[in-house]
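The report below goes through salt bridges, a pocket, a surface patch and some backbone details in turn. Please read it alongside the sequence and the coordinates.

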Amino acid sequence: MPISQKVINENEPLFTAEAYLQSKNIRFEVPQTLLMLPAADLGAGLGGLSKKTYKLIGDIEIISDDLALMHNFALGAPLCVLLAELTAVLGAKKFFLAGSAGALAEGLSFGDRVLCRGAYSEEGTSRHYAGGNYFPACGFDGISSLPVKAAGDSWTTDAFFRETKASVQAYREKGCLTVEMEASALFAFAKSRGFEAGAAFVISDLLYGGIWRPAQKNAQTLKALRALVTDLIKIL
């Protein structure tokens, strides 16, 4: 069952992302649009697209005056939103998540792309920002031109090894196409701050049919993510 949907800690925080950056003497600027890739180190796969690189837990690659790419940081809603908070202080206002996801819907297979319309929260970060258990993507109207296999909702969880058969079936019945670990929290953060947020995923494993089937090679998923990033850079 989803966590309690009461928004907690609604009072002013003890310290802010701006104060944190000041304490670390971090002062660089990022463009308004940030493309976020958890658990993916694109490295040389960027093919010379990066004009400048900064370190902020992960790697921030400045692609243009309008777009930056953040990669090489760990999975999970807390870190994704922490980085969104920090980069918002540095100038970001539009956040697009591109990552891997498990397929809940039959018909999806390894390497397929899915555009996320919204996400059901079963993680602990979103309730610190907004009430409810479903958060729609907001903004990025032009993203409809992205080539994808399907578009629909996702289930966001923070318990990787508690994706049970019952939960898979329940979220399938809600119409969810995928399961991942960041989208609902990023959308809730954006909602609370008045920012834009979107997401698209590459299928890395299959959860339908009562069994788990992972991709045979991680390199296949990374190759598909690099191709997704290339298309997103053209659009964003």
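## Salt bridges

K149 and D112 are joined through their side chains in a salt bridge, with an N to O distance of 3.4 Å. Because K149 belongs to the loop between β7 and β8 (150–157) while D112 belongs to the loop between β5 and β6 (113–122), the pair ties together parts that are 37 residues apart in sequence. D112 counts as buried, because its relative accessibility is 17% and the limit for that class is under 20%. It should be kept in mind throughout that this is a predicted model.

The salt bridge of K149 and D112 is one of five that a search of the whole structure finds. Another is formed by D231 and R113, whose closest N and O atoms are 2.8 Å apart. Here D231 sits in helix α5 and R113 in strand β6, so that the pair links distant parts of the chain, 118 residues apart.

| Pair | N to O distance |
|---|---|
| K149 and D112 | 3.4 Å |
| D231 and R113 | 2.8 Å |

Which residues lie closest to the centre of the second largest pocket? The pocket holds about 530 Å³ of space, and of the 24 residues that line it, L75, S100, F160, S204 and D205 are the closest to its centre. Four elements, namely β5 (94–103), β9 (176–180), β10 (196–206) and α5 (218–235), each supply at least two residues of the lining.

E180 is located in strand β9, and it is buried, with a relative accessible area of 4%. The C-alpha atom of E180 is separated by 7.2 Å from that of S100, although the two residues are 80 residues apart along the chain. S100 is also one of the residues closest to the centre of the second largest pocket.

A200, for its part, is placed in strand β10 and is buried, with a relative accessible area of 1%. Between A200 and W212 the separation in sequence is 12 residues, and the separation in space, C-alpha to C-alpha, is 21 Å.

## Surface and backbone

On the surface, L14, F15 and Y20 form a nonpolar patch, and together they have about 390 Å² of accessible area. Y20 belongs to helix α1 (residues 17–23) and counts as partly exposed, because its relative accessibility is 32%.

Partly exposed as well is P136, with a relative accessible area of 43%; this residue is found in strand β7 (residues 134–136). The C-alpha atoms of P136 and M181 are separated by 15 Å, and the two residues are 45 residues apart along the chain.

Which phi values are found in the residues A39 and I57? The phi of A39 is near 60°, a positive value in a residue other than glycine, and I57, which is not a glycine either, has a positive phi of about 65°. A39 is placed in the loop between β1 (33–38) and β2 (52–56), while I57 is placed in the loop between β2 and β3 (58–62). A39 counts as exposed, because its relative accessibility is 52% and the limit for that class is over 50%.

Technical notes. Residues numbered from 1 in each chain as written. Predicted model: local features only at pLDDT ≥ 70, side-chain atom pairs only at ≥ 80, totals over all residues. Heavy atoms only, no water. 1 Å grid on protein atoms, 1.4 Å probe; cavity = no way out; pocket = protein on both sides within 12 Å on 5 of 7 lines; lining within 4 Å. Points joined across faces, edges and corners; volume = space filled by probe spheres on them. Patch = residues over 30% accessible without salt bridge, like charges linked within 9 Å, V, L, I, M, F, W, Y side chains within 5 Å. Areas by Shrake-Rupley, 256 points an atom, 1.4 Å probe, with all protein chains shown as cover. Salt bridge = Lys/Arg side-chain N within 4 Å of Asp/Glu carboxyl O. Buried < 20%, exposed > 50% of the residue type's maximum accessible area, 1.4 Å probe, protein only.
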